[in-house]
Amino acid sequence: MAKSKETTDQSELKELFVDELKDIYWAEKHLTKALTKMAKSATSDQLRGAFETHLAETENQVKRLEQVFEAVGEKASAKKCEAMEGLIEEAEELIKDTEDGGLTRDVALISAAQKVEHYEIASYGTLKTLAGVLGYPEAVKLLEATLGEEKKTDSLLTDIAESSINEGAKDE
């Protein structure tokens, strides 16, 4: 017996949704290691503190993603995220290519971190919308919470850059 078109579309959509969940799950788990390195590499105490705070949030976001998997009846598993791997590699290159102890390094770290945040904002926004379409209200709430944290971190990084780091780096 053939599936109806609507059932097929929904199962294909759920498959995409779960695939994207696995992708961001891998990304968040690997980001925890990168944030530790970025915090150690930061010159400014304010930026180091922002990275450390976001590291704690990211660890919580991993747990929240596990709740999302549970809420949609799936086992939590990760699938390598090529985009996040590339963004982390870029951040590591920027650390190598900038002078230790300089504000230019902090500018580079903020740039790398905001690229990560924008990727995460796009991913969580899409996942939240798909969870709603697929009828997973609990997943929507969980994903919305993480989306809000990612937006807040992005805004904080902008504030740090604009408050002193960018101007200070100009004089190096």
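**Ground rules.** I number residues from 1 along each chain as its sequence is written, and I leave hydrogens and water out, using heavy atoms for side-chain values. Since the model is predicted, local features need pLDDT of at least 70 and side-chain atom pairs count only at pLDDT 80 or more, while totals for chains, interfaces and linings use all residues.

**Fold.** I get 5 helices and 0 strands (DSSP runs numbered from the N terminus: H or I of at least four residues for helices, E of at least two for strands). The pattern along the sequence reads α-α-α-α-α. The C-alpha trace spans about 70 × 25 × 25 Å along its principal axes.

**α4.** Just after α4, G135 has a positive phi of about 80°.

**α3 against α4.** Helix α3 (residues 82-97) packs on α4 at about 175°, axes 9 Å apart (lines fitted to C-alpha atoms over the stretch in contact, with angles from 0 to 180 degrees between N-to-C directions). The pair is therefore roughly antiparallel (over 145 degrees). From α3, residues including L87, L94 and I95 meet an α4 set that includes L109, V116 and Y119 (contact is heavy atoms within 4.5 Å). I count 11 nonpolar, no polar and 4 charged residues there (nonpolar: Ala, Val, Leu, Ile, Met, Phe, Trp, Tyr, Cys, Pro; charged: Asp, Glu, Lys, Arg; polar: the others, Gly among them).

**Cavity.** I find 1 cavity of 30 Å³ or more (points on a 1 Å grid over the protein atoms alone where a 1.4 Å probe fits but cannot get out; lining residues have an atom within 4 Å of a point). L31, L35, M38, H54, A113, V116 and E117 line it. Helices α1 (5-41) and α4 (103-134) each give two or more of these.

Key. On a 1 Å grid over the protein atoms alone, a cavity is a set of points where a 1.4 Å probe fits but cannot get out, and a pocket is an open set with protein on both sides within 12 Å along at least five of seven lines; lining residues have an atom within 4 Å of a point. Grid points are joined across faces, edges and corners, and a volume is the space filled by probe spheres set on the points. Angles under 35 degrees count as roughly parallel, over 145 as roughly antiparallel, 65 to 115 as roughly perpendicular and the rest as oblique.
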